[in-house]
Each structure stands twice: as C-alpha cells, then as structure tokens.
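Trainee: I would like to learn how to read charge pairs, ring pairs and pockets in a model. Please take them one by one.

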Amino acid sequence: MCRRAPGDLYIKLVQIATGIDYPSFIVRAEAGMDCSELTQVSPKGYFTRHCVMPPRNGYIKGVTIDPSVEGNIIDQFMWWKKGDCVENFLTHKLGIVFLKFDTMEEMIEKTERMHELIKVEMS
C-alpha cells in the first residue's frame with residue numbers, strides 16, 4: 001500500500017486529503033485482514049506537507065511562518081528547540097507542516113516558495 005508508510009508522516013497527509021483511515025488499512029493489510037472496504041477516493045481539496053529543514057549547519061534561533069501561509073496550515077508537528085545544534089542540514093528535520101489550499105494555482109505558487117514562507121533562522 002505504501003513503500004515507507006511512516007516516512008515523513010505521508011500517511012497522515014493521505015488521511016487528511018481523502019478522509020480515509022489509511023493507517024488502519026495498512027495495519028489490516030499487514031495482518032492479513034479484510035480490506036475490501038478500501039476504495040480509491042479523490043482528494044477533497046489541494047494539500048501538501050512540508051518538512052521544515054534548516055538552510056545550513058549551526059544553531060537554531062527559531063522558525064518563522066509568513067502570515068500569507070499561516071491560514072493554510074491545518075496541522076503541524078514540531079520537535080525543534082531554540083539552541084538545538086544542526087550538524088547535517090541535509091537530513092535534519094525540525095518538523096512537518098500540513099497545508100490546505102483553495103486552488104491548485106495557490107498550492108503551486110506557495111509550495112515553490114515554501115522555504116521562504118516557513119523559514120528557519122540559524123546562528
């Protein structure tokens with residue numbers, strides 16, 4: 001059903017976008033249980049998730065969220081703390097943000113600039 005189900009909370013994004021309890025179907029499928037109720041459902045809007053990552057190594061000062069994207073955030077998980085040391089900015093995640101947009105155009109435009117709209121400040 002999914003190559004790396006827990007990776008970057010992808011299954012949560014699918015659950016938000018479709019309303020299907022995707023995590024339960026993964027467990028049921030792995031346990032050999034009936035999954036005949038699972039059907040293909042189109043997303044109910046325009047959704048994405050963004051992994052909040054630092055731009056370089058150093059110490060985290062904070063994360064700022066631009067007001068133009070604040071209203072799009074429907075859920076978020078942040079686990080960074082001020083002063084945390086980032087030793088490998090290419091793999092160090094500070095959190096994951098789930099967003100919903102009114103149109104495909106808005107989603108594309110904001111997604112292309114997400115590193116500017118949700119910005120990690122470093123020292």
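**Charge pairs, rings and a pocket**

Mentor: Asp-75 and Lys-12 form a salt bridge, with 3.3 Å between the closest N and O atoms. Asp-75 lies in strand S3 and Lys-12 in helix H1, so this pair links distant parts of the chain, 63 residues apart. The model is predicted, so local features need pLDDT of at least 70 and side-chain atom pairs count only at pLDDT 80 or more, while totals for chains, interfaces and linings use all residues. Residues are numbered from 1 along each chain as its sequence is written, and side-chain values use heavy atoms, leaving out hydrogens and water.

Trainee: What is a salt bridge, and how many does the count come to?

Mentor: Side chains of opposite charge can pair when their charged atoms come close. The rule asks for a side-chain nitrogen of Lys or Arg within 4 Å of a carboxyl oxygen of Asp or Glu. By that rule the count comes to four. Among them is Arg-113 with Glu-109, whose closest N and O atoms are 2.6 Å apart. Another is Glu-116 with Arg-113, at 3.8 Å. Shared partners join Glu-109, Arg-113 and Glu-116 into one network.

Trainee: Is Glu-116 buried, exposed or partly exposed?

Mentor: Buried means under 20% relative accessible area, exposed over 50%, and partly exposed in between, with a 1.4 Å probe and protein chains only. Glu-116 has 44%, so Glu-116 is partly exposed.

Trainee: Which rings form the aromatic pair, and how are their planes set?

Mentor: Rings of Phe, Tyr and Trp (its six-membered ring) pair if their centres lie within 6.5 Å; planes under 30 degrees apart are stacked, over 60 edge-to-face, and the rest tilted. A search of the whole structure finds one such pair. The centres of Phe-77 and Phe-98 are 6.2 Å apart and the planes stand at 90°, so the pair is edge-to-face. Phe-77 belongs to strand S3 (residues 73–78) and Phe-98 to strand S5 (residues 95–101), so the pair ties together parts 21 residues apart in sequence. Helices (H or I, at least four residues) and strands (E, at least two) are DSSP runs, numbered from the N terminus. Phe-98 is buried at 0%, whereas Phe-77 is partly exposed at 32%.

Trainee: How do the residues lining the largest pocket divide?

Mentor: Ala, Val, Leu, Ile, Met, Phe, Trp, Tyr, Cys and Pro count as nonpolar, Asp, Glu, Lys and Arg as charged, and the others, Gly among them, as polar. Here the lining has seven nonpolar, three polar and no charged residues.
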